[in-house]
Amino acid sequence: MTNRWTQRIGDGAPRFGMWLASGSGYVTEICAGSGIDWLLLDQEHAPNDLRTTLEQLQVLAGYPDVDVLVRPPSADPVFVKQLLDIGAQNLIVPMIDSPAEAAAAVAATRYPPEGVRGVGSALARASRWNRISDYLVTADATVSLTVQVETVAGLAQLGEIADVDGVDAVFIGPADLAASMGKLGRPESPEVVSTIEDALAMIVEHGKSAGVNAFNESVARRYLRAGASFVLVGADVTLLARGAERLAAAYRQLEQ
């Protein structure tokens, strides 16, 4: 068995994605039908817990053409185990600063002897409660792992991180990287953008797929040219916030 996400981000065609941060299955379904390529359920900076993530995975099962990634709050193997058991297949793990941390994240996604994932398939949606008879021997091959590098320390070992066996892709986080570079709140400053372009090229040189987020279309296109094959270009909550603001502003102008 192979993982569809890793195949798609390696086929040369860019994949455009959206953050899901509202914690709402209703909003998730709206976004799933938009034509977007992939969606990221976020637990790091959004009010998603295990149950809301499960609800959204169940909603997204009705949209099989959309790829789904889930980001736990950290690489803690307990978080990773729980997400895999409820049916997440594609994980993006934040704040990876070294090859050792990347290897530990890989181990968290693998059953022994290759890793440390706890065995509870009889209780798990992922195995359909053991209705998938060979789940324990095929599960590792169906899981993809993207590690998120987002500090100066991580960039210093980016090649070594990308080379870790079991890491399928590397995602650069501009907001935290900008903060790490002394440019808090300025992820689109020229120095940060140039650093990210170099990082994306390095990831590709090391044979791994490269990803990044960029809500500014011109910046996103620069990252695609630098080698990114999957890019987060929006978020449910920011679309709602900016759309609501534009609506309110348009009607306030009529009162003037």
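Visitor: How does the lining of the largest pocket divide into nonpolar, polar and charged residues?
Guide: This is a predicted model: local features need pLDDT of at least 70, side-chain atom pairs need 80 or more, and totals for chains, interfaces and linings use all residues. Numbering starts from 1 along each chain as its sequence is written, and side-chain values use heavy atoms, without hydrogens and water. Ala, Val, Leu, Ile, Met, Phe, Trp, Tyr, Cys and Pro count as nonpolar, Asp, Glu, Lys and Arg as charged, and the others, Gly among them, as polar. The lining residues divide into 17 nonpolar, seven polar and five charged.

Visitor: Which residues are closest to the centre of the largest pocket?
Guide: A pocket is an open set of points on a 1 Å grid over the protein atoms alone, where a 1.4 Å probe fits, with protein on both sides within 12 Å along at least five of seven lines; lining residues have an atom within 4 Å of a point. The volume, the space filled by probe spheres set on the points, is about 670 Å³ for the largest pocket. Its lining has 29 residues, and the closest to the centre are G87, A88, Q89, N90 and R128.

Visitor: Which element gives the most to the lining of the largest pocket?
Guide: Helices (H or I, at least four residues) and strands (E, at least two) are DSSP runs, numbered from the N terminus. Those giving two or more residues to this lining are α1 (4-9), α3 (50-60), β3 (67-71) and α6 (135-142). With four residues, the most comes from α6.

Visitor: Which element supplies the largest share of the second largest pocket's lining?
Guide: This pocket has a volume of about 250 Å³. Of its 17 lining residues, W19, H45, R71, A175 and N213 are the closest to the centre. By class the lining has seven nonpolar, five polar and five charged residues. At least two residues each come from α9 (174-180) and α12 (236-255), and the largest share, three residues, belongs to α9.

Visitor: How many bridges join β1 and β8?
Guide: Five of the six residues in β8 (residues 230-235) are buried, so the strand is largely enclosed by the rest of the structure. Strands pair if DSSP finds at least two bridges between them. With β7 (residues 209-213), β8 pairs in parallel over three bridges, and V212 has V231 as its partner. With β1 (residues 15-20), where R15 stands opposite F230, the parallel pairing has five bridges.

Visitor: Which residue of β7 is the bridge partner of F171?
Guide: F171 belongs to β6 (residues 169-172), where A169 and F171 on one side and V170 and I172 on the other are all buried. Strand β5 (residues 144-149) runs parallel to β6 over four bridges, with Q148 opposite F171. Four bridges also join β6 to β7, again in parallel. There, the partner of F171 is G211.

Notes. Buried < 20%, exposed > 50% of the residue type's maximum accessible area, 1.4 Å probe, protein only.
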